[in-house]
Amino acid sequence: MANILVVDDELGIRDLLSEILNDEGHSVDLAENATQARAARAGNTYDLVLLDIWMPDTDGVSLLKEWATAGVLTMPVIMMSGHATIDTAVEATRIGAFSFLEKPITLQKLLKAVEQGLARNTAHQSAPVAAVQAPAQAAADPTFSQLPVVSAVLAGVDAGPHAHQGFDLDRPLREARDGFEKAYFEFHLAREGGSMTRVAEKTGLERTHLYRKLRQLGVDLGRGKRN
């Protein structure tokens, strides 16, 4: 059983997520805004947080940054949004978000994301500090920004595609965005066995548009195909 905090301003989503997670045997606290989330985090230790991006008082990315600055971002945070941009995703991941869930949230995606987040939390608690040291470049160059990376060894899974990857953000915005998009599409191609149809459905792009986008980004279209 894990202690999970759900932060969302929509009552229906809070109730739904709470019901699902409780059925899975987890202990769930609810917050409808950033103010309640701050109070909950101050008084409790959580194994995972599900955090909505767009909220009326303080948005989720700003709250994530507050926790990171205060040194209390000690748990995986899964961001939730129905209309997050790539720039928002890059910013949240740079701060320390574990992954994203796109609304409407399906049961399968929720449980998979929660399982992966809890697995990372367990791995980080048991792994020696030396196993997650930052690259030497980060120490030599203070302008180098390295996003957290989930190691296949630490997570105890095979070396397949991972939803959480590292990116060098010390680049012009266009280059950083192209790098993020390329990694995003490569991840989904690998996970879907190279199926353009399933990737198009997953990403919400028309197949022809998707094909042009992949060619533009230099994605190897045969890389994710199963033998």
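**Note on a predicted protein chain**

1. P104 is exposed, its relative accessible area being 74%, where exposed stands for over 50% relative accessible area, buried for under 20% and partly exposed for what lies in between, computed with a 1.4 Å probe and protein chains only. The residue sits in the loop between strand 5 (99-102) and helix 5 (107-126), helices (H or I, at least four residues) and strands (E, at least two) being DSSP runs numbered from the N terminus. The peptide bond that joins K103 and P104 is cis, with omega at about 0 degrees. As background, most peptide bonds are trans. In space, P104 and S81 are 8.5 Å apart from C-alpha to C-alpha, although 23 residues separate them in sequence.

2. The model is a predicted one, in which local features need pLDDT of at least 70 and side-chain atom pairs count only at pLDDT 80 or more, whereas totals for chains, interfaces and linings use all residues. Residues are numbered from 1 along each chain as its sequence is written, and side-chain values use heavy atoms, with hydrogens and water left out.

3. For the chain as a whole, the secondary structure comes to 10 helices and five strands, and 41% of the 227 residues are buried. The accessible surface is about 12300 Å², with 51% of it belonging to carbon and sulfur atoms; such areas come from the Shrake-Rupley method with a 1.4 Å probe, and for residues only the protein chains shown count as cover. Of the contacts (heavy atoms within 4.5 Å) with a separation of 6 or more, 59% are between residues 24 or more positions apart.

4. How do helix 4 and helix 8 pack? Helix 4 (residues 86-95) and helix 8 (residues 173-191) pack at an angle of about 85 degrees, and their axes are 10 Å apart. This makes helix 4 roughly perpendicular to helix 8, on a scale where 65 to 115 degrees is roughly perpendicular, under 35 roughly parallel, over 145 roughly antiparallel and the rest oblique. The axes are lines fitted to C-alpha atoms, for helices over the stretch in contact, and the angles run from 0 to 180 degrees between N-to-C directions. I86, D87, A89 and V90 of helix 4 meet L173, R177, F180 and E181 of helix 8, and the residues of this contact divide into five nonpolar, no polar and three charged.

5. Which residues of helix 2 (residues 34-43) are buried? They are A34, A37, A40 and R41, and they line one face of the helix, because seen down the axis of helix 2 they fall within an arc of 120 degrees, the arc being that of the directions from the helix axis to the C-beta atoms. A39, A42 and G43, by contrast, are exposed on the other side of helix 2. The cover over its buried residues includes strand 1 (3-7), strand 2 (27-31) and helix 3 (60-70).

6. In helix 9 (residues 196-203), the buried residues include M196, V199, A200 and T203. Seen down the axis of helix 9, its buried residues fall within an arc of 100 degrees, so they line one face of the helix, and their cover includes helix 8 and helix 10 (207-217). Helix 9 is followed by G204, whose phi is positive, near 75 degrees.

7. L30, in strand 2, is partly exposed with a relative accessible area of 36%, and it touches L5, V6, R14, S18 and Q36 when residues up to four places away in sequence are not counted. E24 lies in the loop between helix 1 (11-23) and strand 2 and counts as partly exposed at 47% relative accessibility; E24 and M1 are 23 residues apart in sequence and 8.2 Å apart in space, C-alpha to C-alpha.

Note on methods:
Nonpolar A, V, L, I, M, F, W, Y, C, P; charged D, E, K, R; others polar.
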